[in-house]
Amino acid sequence: MALQRDEVVRTALRVLNEEGIDGLSTRRLARELGVQSPALYWHFKNKRELLDLMAEAMLAEALPPDREPDPEHWPEWIAADARAKRNALLAYRDGARVHAGTLPTEDELPAVEAQLSALCRAGLRPRTALRLLLTVDRYIMGWVTEEQAWRQDAAERARPPFPDEALRELPLLSEAVDVLRMTDHDADFEYGLRVLVEGFRAEIAREASGEPGGAGAPGDVSAGAGSREDVTGAGHRLA
């Protein structure tokens, strides 16, 4: 029976969870599939293309390409997509590292176009809308990369990070020690996401009013602490 691309990608994801990205090689993948390495190149040209396909598969269920963004409620779907993407990447060992540097496949481009269309109908120019999607996507990538590294390294630490005695004479750090120790990844992620959404909400208002500046120009961003509800109420691989 001929080897199918879906089978190659599923097997690559299984090897990823077993060995991590550093242990994922075409030789190991071919051995798992019971073929010679050259047979794999019928399905992808190089490891970079394989990683693109793996990243697409990771997100396919969490972010279905046929979803329809609503321009009137763009903060809600931007935030919901960000949460879904974070969870999808966390579901795989080294998920963020696999996704880093990937590009949307041709099959995903219509979904990106639909997102841009919704954001433009909400008041953004195409370039600003694409920058919004890229900014949120890179925030997710950086966040999940650090979160996965933190979780994976936790078992190897000899003691909990930042013990009380190390902070005895550091009152400001002591007051914010829960953030320093990353005791609530969800709450901290939501805080950063809300700040991003609020910044682009201000950008929409600025572009709608015709004020100078716009995306890429210096500007003030202000935000306070908030919950998940604050992100959507107050207010990437992209597909």
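This is a predicted model: local features need pLDDT of at least 70, side-chain atom pairs count only at pLDDT 80 or more; totals for chains, interfaces and linings use all residues.
Reader: Fine. Take M141 then, is that buried or exposed?
Author: M141 has a relative accessibility of 10%, and because buried means under 20%, it counts as buried.

Reader: And where does M141 sit, and what does it touch away from its sequence neighbours?
Author: M141 belongs to helix α8, and once its neighbours within four places in sequence are left aside, its contacts are L89, A96, H99 and A100. The C-alpha atom of M141 is also separated by 8.2 Å from that of R97, although the two residues are 44 apart along the chain.

Reader: Let me step back. How many helices and strands does the protein have?
Author: There are 12 helices and zero strands, and of the 239 residues in the protein, 40% are buried.

Reader: Which residues touch the most other members of the largest nonpolar core?
Author: That core has 48 residues, and the ones touching the most other members are M54, W74 and L132.

Reader: Which helices supply that core, at two residues or more each?
Author: At least two residues each come from α1 (5-19), α2 (26-33), α4 (47-60), α5, α6 (95-99), α7 (109-122), α8 (126-154) and α11. The largest share, eight residues, is the contribution of α8.

Reader: What is L132 in contact with, beyond its close sequence neighbours?
Author: With neighbours within four places in sequence set aside, L132 is in contact with W74, I78, L119, L124 and F200.

Reader: W74 again, so on to α5. How many residues does α5 have, and how far does it reach?
Author: Helix α5 has 17 residues and reaches 24 Å from its first C-alpha to its last, which is close to the 24 Å expected at 1.5 Å a residue. Since 13 of those 17 residues are buried, α5 is largely enclosed by the rest of the structure.

Reader: How do the axes of α5 and α11 cross?
Author: The axes of α5 (residues 74-90) and α11 (residues 185-209) come within 11 Å and cross at roughly 145°, and the crossing is right-handed. On the α5 side the contact is made by W74, P75, I78, A79, A82, R83 and R86, and on the α11 side by H185, D186, F189, E190, L193, V197, F200, R201 and I204. By class, these residues are 10 nonpolar, one polar and five charged.

Reader: And α5 with α7, left-handed or right-handed?
Author: The crossing of α5 with α7 is left-handed; their axes come within 11 Å and cross at roughly 145°. The residues in contact are W74, W77 and D81 from α5, together with Q115, A118, L119 and A122 from α7, and they divide into five nonpolar, one polar and one charged.

Reader: Now α4. Which of its residues are buried, and what covers them?
Author: The buried residues of α4 are L50, L51, D52, L53, M54, A55, M58 and L59, and what covers them includes α1, α2, α5 and α6.

Reader: Which residue has a positive phi although it is not a glycine?
Author: D94 does, with a phi of about 60°. D94 lies in the loop between α5 and α6, and its relative accessible area is 8%, so it is buried.

Reader: Last one, R181. Where is it found, and what does it touch?
Author: R181 is in the loop between α10 (177-180) and α11. Not counting residues up to four places away in sequence, R181 touches W150, P161, F162, P163, D164 and L167.

Note on methods
Residues are numbered from 1 along each chain as its sequence is written. Side-chain values use heavy atoms; hydrogens and water are left out. Axes are lines fitted to C-alpha atoms, for helices over the stretch in contact, and angles run from 0 to 180 degrees between N-to-C directions. Helices (H or I, at least four residues) and strands (E, at least two) are DSSP runs, numbered from the N terminus. A crossing is left-handed if the near helix is turned anticlockwise from the far one by less than a right angle, and right-handed if clockwise. Contact means heavy atoms within 4.5 Å. Ala, Val, Leu, Ile, Met, Phe, Trp, Tyr, Cys and Pro count as nonpolar, Asp, Glu, Lys and Arg as charged, and the others, Gly among them, as polar. The expected span of a helix is 1.5 Å times one less than its number of residues. Buried means under 20% relative accessible area, exposed over 50%, partly exposed in between (1.4 Å probe, protein chains only). A nonpolar core is a set of buried Ala, Val, Leu, Ile, Met, Phe, Trp, Tyr and Cys residues joined through side-chain atoms within 4.5 Å.
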